[in-house]
Amino acid sequence: MKRRVEFNDSALRALAVMEKVHRKFVLDGITIHLIENDPLEITRTKFPLKHPSEFAERELRLDNRRVFYTVLDDGGLLLVNLIGEKRGNKLLIGGEEFEL
């Protein structure tokens, strides 16, 4: 199935300020885990949020990076809503602590 990925403004800003190596790591992870494989499949690194928020329904863990996304059209459209970094027990989005 051909999948389309759309990034909202927050996700695009997060990618824009990342170092090139980290940006490539995140984009490669999105390609491998969400485009080439089933985005609805539950794995150790890809799963629905325990408490879905207004921002996203699912999470992809890539080392200390987090990609929060929503799947629409039976997996045909992926909306990447937030991209952040986990430091200890804190989630940082745009350099600021964030609660989903």
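I started with lysine 46, which counts as buried because its relative accessibility is 2% (buried means under 20% relative accessible area, exposed over 50%, partly exposed in between, with a 1.4 Å probe and protein chains only). This is a predicted model, where local features need pLDDT of at least 70, side-chain atom pairs count only at pLDDT 80 or more, and totals for chains, interfaces and linings use all residues. Residues are numbered from 1 along each chain as its sequence is written, and side-chain values use heavy atoms, with hydrogens and water left out.

Next I looked up the partner. Lysine 46 makes a salt bridge with glutamate 41, with the closest N and O atoms 3.9 Å apart (a salt bridge is a side-chain nitrogen of Lys or Arg within 4 Å of a carboxyl oxygen of Asp or Glu). Glutamate 41 is partly exposed, at 38% relative accessible area.

Then I checked arginine 4 and glutamate 6. Their side chains meet in a salt bridge at 2.7 Å, N to O. Arginine 4 is partly exposed at 48% relative accessibility, and glutamate 6 is partly exposed at 34%.

Which residues are linked in a network of salt bridges? I found Glu59, Arg61 and Arg66. I noted that the structure holds 7 salt bridges.

Last, I zoomed out. The protein chain has 2 helices and 7 strands (DSSP runs numbered from the N terminus: helices are H or I, at least four residues, and strands are E, at least two). Of its 100 residues, 40% count as buried.
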